[in-house]
Amino acid sequence: MPFESASLIAVLPELVLLITACVVLIADLYLRDDQRGLNHTLTILGLGAALGAIGLVSEPGATLAFSASFVRDPLSDVLKGVILVVNLLLFVYSREYMRERKLWVGEYHALILFATLGMLIMVSANSFLTLYLGLELLALCLYALVAFDRESTVGAEAAMKYFVLGALGSGLLLYGISMLYGASGGFGFAEVAEQVIADGMSNKVLTLGMVFVLIGVAFKFGAVPFHTWMPDVYQGAPTPIVLLISSAPKVAAFAMAVRILIQALGGLQPDWGQILIILAVLSMALGNVVAVAQTNIKRMLAYSTIAHVGFIFLGLLAGTQEGYAAAMFYTIIYALMSAGAFGVLAMLSTQGADVQELTDIKGLNDRDSWLAAMMALMMFSMAGVPPAVGFIAKLLVLDAVVSIGLTWLAVVAVAFSIIGAFYYLRVVKMIYFDQPTTELPLAISGDARVAISINGMAILLLGFFPATLLSLCENVFY
Amino acid sequence: MIEFPWLTLTIWLPILGGVAVIVSGDKTAELTKWLALIVAVLTFLVSLPLWLNFNPHGGIQFIERTPWIPSFNVYYYLGVDGISMPLIILTTFITMFVVIAGWEVITYKPSHYMAAFLIMEGIMVGVFSALDAILFYVFWEAMLIPMFIIIGIWGGPNRVYATIKFFLYTFFGSVFMLVALIYMYFQAGSFSILDFQQLPLGMTAQVLIFIAFLLAFAVKVPMFPVHTWLPDAHVEAPTGGSVILAAIMLKIGGYGFLRFSLPITPDASASLDGLIIALSLIAIVYIGFVALVQKDMKKLIAYSSIAHMGFVTLGFFIIFAIFRRPEVTSGAVMALEGGMVQMISHGFISGALFLCVGVLYDRVHSREIADYGGVIHVMPWFGAFVVFFAMANAGLPGTSGFVGELMVILAAFRADFWYAFLAATTLILAAAFTLWMVKRVIFGEIGNDKVAKLQDINRREMLNLGVLAAAVLAIGIWPKPLVDVMEPTLQHLVEQIQVSKIPGVAAEIAQSLK
């Protein structure tokens, strides 16, 4: 395979990230403890530069690179942008949290940068092999990050569970990939797609491979019944890491679903559409119902994530361009909401406090009414109450489902979202109607405050003006 | 020529004003309150052109239409007709008094309190003027957030239970409506409510859509048996919250029936009208008795609201019984008008009654009827107002309460004698529960020391109650301007409802005429 130097242009954002990660790793060796701020600055600059690089290489249409194992197209541009923005927010939100716990070290930045690199590769994968590489790079970094606090036994337990189940998920995915390879003779999505068109559903190996690959996708999303790792990981991991796991990787998982299900296995849509219906209904049901019973807010948000994944699947299973665009819109919005919600939790977990239980956020309105308003906005948005953009996202997904005649599925979805409204409201109730349990003053750095404000205003303003982002999502699929 | 966007202004002025009030903060509380009042008065003033320039025969007017989500054909589409315009004026009118009523009473974060009501006002105007289903739904749901917070923060001891119950009940009712709206979008190709009204629909679809609407609107009105959130919410809400709930939010349910249920699913409405009439009559009679035994003044007025709103839904749905009697040629329009007048009038009366209870609560901090007695000896002005509003609530001729009830009862006679008979019991029941409360609270011996020390109402309260009393009298004595505004719209609505929307039926009728 000859090396094409032109390919390097297409992977410019990835290259920037890779270089940043290496620089941070090396620079950290020479830094004294009071100079660790440089890591942070370098990371922020690197992420910013990668964002710029995306803008630089972006153009209409797709660019293939490295013998068509890598693709840069509008889908990858948009999703990569979202991943980078969310991770930028993450670094700003998490600084105080990590610094206070003496975890604000170079490895933290480097691991997240490598995880981000893995996500970008997943998003741009054009063959199963590239996809798998990106996925494993992401997953290995996340396993380490979950156990990042060495002192924490729950963290270690969570990481162990995550690793074992994650390895199982990857194994199933690989097994499926091997079947698809066996049936089509190639790793590229295009080759598999050709075989699917030629054989259709008559090729049982292809269909079986599709099922296993789909399980891999469902595992990464955390859809029921492949969700069991999520609550424990959310509860055990440090809050900023939960922020990381719950937001950007979902965007990457969405890209993975689009690449595999639509681009490679689009011909089997009637098959996987049926499976997604089951996964979606189970996820919405279990996620929403079990979340009500949680007392730990991170665990509650884990179940809420599961419920949201059900909604994302609703858009995907429609099998129409509107449906895909709706699912993409939903995923992006979900990543923003989740980043905001966990960002607030991370900001509150400073000055010796550690927000774990729902009761820990009681009376937030009396302590800091702006932060309270932002958190309430995230909750209303997750519950799907207008004018927050969460409503628009739900509307688009429901639209997609009704358009293919599955009105009953839309009814099921809204019925479960009523249950969902209850536990989101409970958070708002704690924030606004209860007395604070602690007199600890909140010390929130200026940049974190600015970041959460931007995040919150984005949720509100996108609700008022969703057209731009929506047309961005639609252009990807038309 | 682009018309001046009065509706947009009426919606967004209070919302942005509310944001400004929050920003101005509580450190300069006095200034903040004045700012809130100025915004409320300005909003009322900019809503007045809607009334003054309104042409009763002009159909939908003050139309504004801009694409909002182009790929889904969602428009920022506003406009008013004879049904929505009076309700918008009612909203902007009542909100001014809510702001004044909270002037000295609210001490905890007054700026947030005032802002919540202003934002609420804008959203409610939005609900009444939206002609795009999604825009309507956005306003409809957004309304829950400020109310949730108003009850939850400034409410009574059991406020958290009440406010979560309120939110979940209404949320439950409305999400199914959303599915119905999306379903119709794929039938009609647009989210315009006017297109929905023209959309042919089969009977099964109509019945399902009707039920989805019924869930949404019945919870809001509220109709028996989904009314149980209302007494809780009213009792726990601060005075201003109760006023807005009773005077305007309940009307949104009634408005929904007129705007959605009747014109979009006329055949389903015609076949299921018995259900609604039965529920309305249960509300009138049974809830009337329930009101009789209440010990808490706010609860009593809340139940009285449910009974009076039963009149509204009765008026809206007896029209089908009138259509079914070929010998009766008129009365349908009167029934709808009666319902509408009842809604407006109830807005003034119940708002005023809740303000009256608020006056007492602010002084004594009790809503129990048993804690009062002989208030008129120490508060003569206040006593006079209470007696007046109580009479209006009982439907005394000369007050606005009488006009709506009379019209509905007259129309009910054309439908069925027994409907009218049961509906008319309200005149007795309402008189019983309201006047008995007045007797126990206002008249008699001075109940206790706390009552003996009461001060009569101040100028601020006098202004509030005085203006509302004038409005009640004005509509009661001369309802013609109000009725004239609504009549052509309702006339048109009646004609629209009588045409079947089931595909094929219209063609069949045309065939048989040949």
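So, the lining of the second largest pocket has 16 nonpolar, 11 polar and nine charged residues. In that sorting, Ala, Val, Leu, Ile, Met, Phe, Trp, Tyr, Cys and Pro go down as nonpolar, Asp, Glu, Lys and Arg as charged, and the others, Gly among them, as polar. Before I go on: this is a predicted model, so to speak, where local features need pLDDT of at least 70 and side-chain atom pairs count only at pLDDT 80 or more, while totals for chains, interfaces and linings use all residues. Residues are numbered from 1 along each chain as its sequence is written, chains are lettered from A and ligands numbered from 1 in the order in which they are written, and side-chain values use heavy atoms, with hydrogens and water left out.

Back to that pocket. A pocket here is an open set of points on a 1 Å grid over the protein atoms alone, where a 1.4 Å probe fits, with protein on both sides within 12 Å along at least five of seven lines; lining residues have an atom within 4 Å of a point. The volume is the space filled by probe spheres set on the points, and grid points are joined across faces, edges and corners. For the second largest pocket that gives about 600 Å³. Its lining has 36 residues, with B:Val105, B:Ile106, B:Trp154, B:Pro238 and B:Tyr361 nearest the centre. Which helix gives the most to this lining? Helix 15 of chain B, with five residues. Helices are DSSP runs (H or I, at least four residues), strands are too (E, at least two), and both are numbered from the N terminus.

Now the largest pocket, at about 1,500 Å³. It has 44 lining residues, and nearest its centre are A:Leu377, A:Leu460, B:Val19, B:Ile22 and B:Ile119. By class, the lining splits into 35 nonpolar, seven polar and two charged. Among the elements that each supply at least two lining residues are helix 17 (369–383) of chain A and helix 1 (6–24) of chain B.

Next, how do the chains meet? The contact, meaning heavy atoms within 4.5 Å, takes 37 residues from chain A and 36 from chain B. Together the chains bury about 3,200 Å², 83% of it on carbon and sulfur atoms; that's the accessible area (1.4 Å probe) that two parts lose on being put together, summed over both. On the chain A side, A:Asp399, A:Ile418 and A:Phe433 lose the most, together 20% of what that side buries.

A:Arg259 sits in helix 12 (residues 248–264) of chain A and A:Asp73 in the loop between strand 2 (70–72) and helix 4 (74–100), so the pair ties together parts 186 residues apart in sequence.

The peptide bond from A:Val224 to A:Pro225 is cis, with omega near 5°, and A:Pro225 lies in the loop between helix 9 (204–221) and helix 10 (229–236) of chain A. Over in chain B, a cis bond joins B:Val221 and B:Pro222, with omega about -15°.
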